[in-house]
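Here are my notes on the model, point by point. Please read them with the structure open.

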Amino acid sequence: MKNVAVAGAQWGDEGKGKVVDILAEKFDYVIRYQGGHNAGHSVVFGGKRYALHVLPSGIFHADTVNIVGNGVVVDPFALLKEIEGMEAKGVPVTPARLKISDRAHIILPYHGIIDRWRESGSGKRQIGTTGRGIGPAYEWKASRRGVRFCDAYDMNHFRQRVEFEYTAIREIYGAMDELTEWPLSRVLEESCAAVTRLMPHVIDSVYELAEARTAGKRMLFEGAQATLLDVDFGTYPYVTSSNSCLLGITAGAGVPPGAVQRSIGICKAYTTRVGKGPFPTELHGDIGTKLRDAGHEYGTTTGRPRRCGWLDLVALKYVQHLNDFSTLAIMKLDVMDSLPEVKLCVGYQVDGEMITRFPAALDVLDRVEPVYKTFPGWQTPLHEVRRYDALPTEAKNYLAAVESFIGCPVGLVSVGPDREQTIFRHADLFT
Ligand code: IMP
């Protein structure tokens, strides 16, 4: 039995949720290792839609243990709301099914306030964040001022830690309007109450996962966001604040590098991005609008329209160097059904030169002109296709070009939102 990791290969929203949902029941553990409630995906089954933000996707399976790893930043208010929403729909979220690492950092109200303040107003540095306090929470962690769940084993200690941080923040950011709505008394009262309710879920996940590995339990590591939003390897500073590619697993879940044997890179048949930052293959005209409409490209967490463009193989190859995915899952191929021609970006033209490397420097990335290879479209609805062989030749040629450029097999193709609308090409990579 192999442990599997799933991560986004672009700028997020690739459809990780669908793949993880299909796989989750085969695993004893599903583990989130980074991010927070900036992530979001919906899972539809039995006629009900469930929105997941922090809860790992194994939460629907009675025998799966779900771990929120130490690398996740947890907003206790948001997590409680998510748990309540699940329970109202009949999904029990007991301490046996949801466990939170006691080393995970807590997002406190002032983190969200600082995030939103930085993003608002003219002249402010705008990243286009989700405004959920993710960046400030990771900042506090890195500057060794964060508050963790283990601090709440002793509630007096927790109160002191929050009070100390609050006082320091007040001195620097005292003028922020939203902060005045959150005096220390309110922060303490509401945060203590929320964290206390979560404490039955809190464990030392290092030991839990070490014992599980010794017992041969199967683990699925579920990434949030995606590689090009990774704080080290993404389009910095237009990134999230965690290691959202597979390299984040060991530090964010507390397992050694050898804990993962197989990995799946989730990639749309085209590209989308929310928030600001470079996007070389972005389409501003009709085709971009068509992709947005056909693909329902609006954020699950914030409802923002997503920017849309062609699939960028230069970026994807860079992403493959970092993750070494065992297989790619190509999602939403059906969204391109009506296009008379489809394009793949196979190089960048910059300063009179053709490059095939994804540049680190943003000013270079801003200047690159994509070089495309054009393919005839298939112009046939793919929703009903269930076998790879049954795909139109044009679609197979398009996927073959992706495989050969990236050097990674396309093991799964998604042709619609339902579980059944999935073509397993290399089924062995998904067992
Ligand atoms: P933050 O993670 O809220 O700090 O936002 C930083 C950047 O990451 C912004 O461009 C967000 O739009 C983007 N981002 C964060 N979470 C997601 C996600 O789950 N999908 C897509 N983009 C995301």
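Contact here means heavy atoms within 4.5 Å. The model is predicted.

1. Start with Lys 99. By the contact rule, Lys 99 touches Val 65, Asn 66, Ile 67, Val 68, His 201, Ile 203 and Glu 208, leaving aside residues up to four places away in sequence. Lys 99 belongs to strand β7, residues 98-101. Buried or exposed? With a relative accessible area of 15%, Lys 99 is buried, because buried means under 20%. Its side chain has a polar contact with the side chain of Glu 208, at 3.4 Å.

2. Polar atoms at the ligand deserve a check by eye. Thr 130 places a polar side-chain atom 2.6 Å from a ligand oxygen. For Asn 38, a polar side-chain atom lies 2.9 Å from an oxygen atom of the ligand. Gln 225 has a polar side-chain atom 3.2 Å from a ligand nitrogen. How much of the ligand's accessible area does the protein cover? The protein covers 96% of the 470 Å² that the ligand has on its own.

3. Helix α4 covers residues 134-142. Its buried residues are Ile 134, Gly 135, Pro 136, Ala 137, Tyr 138 and Trp 140. What do they pack against? The partners are β6 (73-74), α3 (109-119) and α5 (155-173).

4. Arg 144 follows α4. Arg 144 is not a glycine, yet its phi is positive, at about 60°. Arg 144 sits in the loop between α4 and α5. Its relative accessible area is 75%, so Arg 144 is exposed.

5. Lys 332 also needs a look at its backbone. Its phi is positive, about 60°, although Lys 332 is not a glycine. The residue is found in the loop between β15 (327-331) and β16 (341-350). Here the relative accessibility is 23%, so Lys 332 counts as partly exposed.

6. There is a cis peptide bond to inspect. The bond from Tyr 236 to Pro 237 is cis, with omega near 5°. Where does Pro 237 lie? Pro 237 is in the loop between β10 (219-222) and α9 (249-254).

7. Aromatic pairs: the count comes to 9. In one of them, the ring centres of Trp 11 and Phe 279 are 5.4 Å apart.

8. The Trp 11 and Phe 279 pair links distant parts of the chain, 268 residues apart. Trp 11 is in the loop between β1 (4-8) and α1 (16-24). Phe 279 is in the loop between β12 (271-273) and α10 (286-294). Trp 11 is buried, at 2% relative accessible area. Phe 279 also counts as buried, at 7%.

9. Tyr 318, Tyr 348 and Phe 358 form one aromatic cluster.

Note on methods:
Residues are numbered from 1 along each chain as its sequence is written. This is a predicted model: local features need pLDDT of at least 70, side-chain atom pairs count only at pLDDT 80 or more; totals for chains, interfaces and linings use all residues. Side-chain values use heavy atoms; hydrogens and water are left out. A polar contact is a pair of N or O atoms within 3.5 Å; within protein, one must be able to donate a hydrogen and the other to accept it, and residues adjacent in sequence count only if both atoms are side-chain atoms. Accessible areas come from the Shrake-Rupley method with a 1.4 Å probe; for residues, only the protein chains shown count as cover. Buried means under 20% relative accessible area, exposed over 50%, partly exposed in between (1.4 Å probe, protein chains only). Helices (H or I, at least four residues) and strands (E, at least two) are DSSP runs, numbered from the N terminus. Rings of Phe, Tyr and Trp (its six-membered ring) pair if their centres lie within 6.5 Å; planes under 30 degrees apart count as stacked, over 60 as edge-to-face and the rest as tilted.
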